[in-house]
Amino acid sequence: MTGQTLRYWEYLDRTLGDVDYTGHGVHELGELYVRAHAGPAPPFSALRPYAERAERGWVHPASERILREWGRELTTLHVRDPGLFADRPYRLPVGEVIDLLAERDLCLDHRRFGGPVYLDGTRWGMPLRLVVAPDGHANYLLMVLRDLIPRIAEFDHVLLVHDEEIGHDYVLVERILAHLGARTSRLALGRVPIPGVSGSSRSGGWAGTALDELSALCLRHVGPEVYRLGMRIYFINTLKRTAGGPVEARLIRRAMARASALLAGAGHGRHGAGHAGELRRHLTPSGWVDPYRLTCELLARNGRRPSRGLLDEVFL
């Protein structure tokens with residue numbers, strides 16, 4: 001439902017037509033994504049049919065192809081499926097979300113004048129944030145609120161995990177959700193930089209650093225368990241939350257060696273007070289475990305070795 005995705009789908013249909021995407025590699029589809037964003041953006045009138053079909057659960061076959069390949073890589077890493085193919089319709093239409101926010105003075109709605117809609121966080125000293133353009137195109141931020149607002153009553157806590165570069169948007173989301181009765185906290189993640197590349201994935205330049213390329217590089221030399229633990233050591237323990245350094249093959253190899261040594265030397269008994277007790281020591285005041293602090297302490301070179309059971313349950 002985001003503009004970047006709708007623009008990609010429109011570009012594919014306009015330039016390639018009705019083709020079979022099963023023969024297209026994910027990197028080829030990625031290059032087409034870059035080309036789709038290289039020129040001027042099409043008007044929302046050209047994107048609206050895609051938005052309407054997506055509301056009914058449709059996914060473009062090119063995106064489905066990419067998601068299936070990503071799913072295979074996540075399975076290899078034993079990463080829980082985040083719902084790549086889950087059909088979770090929005091419970092509230094865009095208009096109802098805007099009306100709900102407007103009733104609580106959380107947005108400025110100029111649609112009746114042919115204008116845009118802004119989220120209004122001025123009570124917290126925050127600037128107005130455009131969420132619906134004058135042409136009716138709603139951006140990702142309104143979609144986040146569409147997804148979360150109806151779920152507030154179903155959960156004790158909402159943890160917002162987000163890109164550090166758009167943290168200002170998620171501070172606003174957090175304030176709005178809290179105003180509507182949610183208990184919230186945020187975990188901001190830094191982007192891993194690629195040497196010589198600035199900007200987002202729309203700029204390209206990721207050759208050699210995509211997950212399938214990294215897995216192929218590693219699995220030629222190590223087994224699946226070493227690969228899983230090594231990737232967690234690298235991305236959590238080495239790069240840390242802010243990802244200050246770029247992807248480096250040398251450091252990935254070092255992480256694989258560290259993983260191999262940990263697995264070889266791990267004890268078979270329970271670790272300390274047990275797995276739950278070990279995790280409980282790392283609970284934040286909000287009630288969740290910070291994976292970065294946990295991993296850095298468990299893997300510190302202090303003579304303590306995590307048990308195989310803890311590695312299996314948390315990292316493998």
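## Helix faces and packing

Student: What covers the buried residues of α5?

Tutor: The cover includes β1 (107-109), β2, β3 (129-132), α6 (140-148) and α7 (167-179). Contact means heavy atoms within 4.5 Å. Helices (H or I, at least four residues) and strands (E, at least two) are DSSP runs, numbered from the N terminus. This is a predicted model, where local features need pLDDT of at least 70, side-chain atom pairs count only at pLDDT 80 or more, and totals for chains, interfaces and linings use all residues. Residues are numbered from 1 along each chain as its sequence is written, and side-chain values use heavy atoms, without hydrogens or water.

Student: Which residues of α5 are buried?

Tutor: Helix α5 covers residues 94-103, and Val97, Ile98 and Leu101 are buried in it (under 20% relative accessible area; exposed is over 50%, partly exposed in between, with a 1.4 Å probe on protein chains only).

Student: How do you know that they line one face?

Tutor: Look down the axis of α5: the buried residues fall within an arc of 95 degrees, so they line one face of the helix. The arc is that of the directions from the helix axis to the C-beta atoms.

Student: What makes the length of α3 agree with a helix?

Tutor: Expected span is 1.5 Å times one less than the number of residues. Helix α3 (residues 44-55) has twelve residues, so it should span 16 Å; its end C-alpha atoms lie 15 Å apart, which agrees.

Student: Which residues of α3 are buried, and what do they pack against?

Tutor: Phe44, Leu47, Tyr50, Ala51 and Ala54 are buried. Down the axis of α3, they fall within an arc of 115 degrees, so they too line one face. They pack against α1.

Student: How is the packing of α1 and α4 described?

Tutor: Helix α1 (residues 3-15) and helix α4 (residues 61-76) pack at about 115 degrees, with axes 9 Å apart. Axes are lines fitted to C-alpha atoms, for helices over the stretch in contact; angles run from 0 to 180 degrees between N-to-C directions. Tyr8, Trp9 and Leu12 in α1 meet Ala62, Ser63 and Ile66 in α4.

Student: Why is arginine 68 called partly exposed?

Tutor: Its relative accessibility is 42%, so arginine 68 counts as partly exposed. Arginine 68 sits in helix α4. Leucine 84 is 16 residues away in sequence and 8.2 Å away in space, C-alpha to C-alpha.

Student: Where is confidence lowest and highest?

Tutor: Lowest is helix α11 (residues 275-280), at a mean pLDDT (the predictor's confidence in each residue, from 0 to 100) of 72. Highest is strand β2 (residues 117-119), at 97. The protein chain averages 88, and 95% of the residues score at least 70.
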